Amino acid sequence: MKLKLVVLISGYGSNLQALINAIDNGFLQAEILLVISNKPNAFGLERAKAKGIMTQIIESPAVLPLHMDHPDYDQQLINAIQPLKPDYIILAGFMKILGTRFLSIFENQVLNIHPSLLPHYKGLKTHARVLKDGMKQHGCSVHIVTPELDSGPILGQATLDVLPTDTEESLKARVQKLEHQLYPEVIQTLWRARYEK
Ligand code: GRF
């Protein structure tokens with residue numbers, strides 16, 4: 001048995017690629033049914049197409065604030081996702097906040113990867129804030145998405161030491177390497193919990 005995933009992206013899609021690679025090399029027992037982007041030019045769409053994964057663009061109106069509950073948009077997502085009956089909806093750099101209706105329909109099924117050691121550094125610009133505060137450790141977290149931003153139950157974390165030489169860019173690159181390992185690991189743990197006796 002494989003976990004059925006729908007992946008939501010907005011951009012480069014390196015986390016999507018990490019999932020594709022983990023499936024290809026047999027580490028992750030999952031199948032990506034659909035990749036949805038809210039941005040038509042997201043490079044991640046090309047990554048999906050290169051693997052023959054179905055893609056869909058559901059464009060979000062740029063004029064609306066990111067965090068605003070936007071039921072019409074959410075309904076379009078629900079219409080696209082629900083018929084596929086996925087086990088999990090994987091947010092992989094999806095830069096649009098999902099509303100309460102979406103999250104109640106897919107309760108405990110929506111996962112996100114966030115570039116900080118939650119509950120610290122919720123929100124944006126995490127690497128810059130970590131450096132500014134002189135933190136010695138940083139990392140990433142996979143959590144269940146709930147209506148309160150970056151606050152749902154944490155399923156896994158990966159940590160690194162912040163180096164004196166680190167810049168925002170170097171830190172971002174090193175955290176992303178961790179993300180690419182952590183996300184497949186956490187999802188495979190969910191597979192084990194479901195299918196391993
Ligand atoms: C990741 O760094 C993740 O932490 C954040 O958005 C970024 C997406 O990168 N949520 P990519 O599109 O997966 O390359």
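Predicted model: local features only at pLDDT ≥ 70, side-chain atom pairs only at ≥ 80, totals over all residues.
A residue is called buried when its relative accessible area is under 20%, exposed when over 50%, and partly exposed in between (1.4 Å probe, protein chains only). Residues are numbered from 1 along each chain as its sequence is written, and side-chain values use heavy atoms, with hydrogens and water left out.

By the area criterion, Asp 87 is buried, as its relative accessible area is 12%. Its side chain meets that of Arg 194 in a salt bridge with an N to O distance of 2.9 Å; a salt bridge is a side-chain nitrogen of Lys or Arg within 4 Å of a carboxyl oxygen of Asp or Glu. This pair links distant parts of the chain, with Asp 87 in the loop between α3 (71-81) and β4 (88-91) and Arg 194 in helix α6 (residues 168-195), 107 residues apart. Helices (H or I, at least four residues) and strands (E, at least two) are DSSP runs numbered from the N terminus. Arg 194 is partly exposed, at 40% relative accessible area.

In the whole structure, four salt bridges were found. One of them joins Lys 51 and Asp 24, whose closest N and O atoms are 2.9 Å apart. Lys 51 lies in the loop between α2 (43-50) and β3 (55-57) and Asp 24 in helix α1 (residues 14-24), so this pair ties together parts 27 residues apart in sequence. Both partners are partly exposed, Lys 51 at 42% and Asp 24 at 48%. A salt bridge of 2.5 Å (N to O) also forms between Arg 174 and Asp 166. Here Arg 174 is partly exposed at 27%, whereas Asp 166 is buried at 10%.

His 138, in strand β6 (residues 137-144), is buried at 1% relative accessibility. Its side chain makes a polar contact of 2.9 Å with that of His 127. A polar contact is a pair of N or O atoms within 3.5 Å; within protein, one must be able to donate a hydrogen and the other to accept it, and residues adjacent in sequence count only if both atoms are side-chain atoms.

Ile 36 belongs to strand β2 (residues 30-37) and is buried, with a relative accessible area of 0%. Beyond its neighbours within four places in sequence, Ile 36 is in contact with residues including Val 6, Leu 8, Ile 58 and Leu 77, contact meaning heavy atoms within 4.5 Å.
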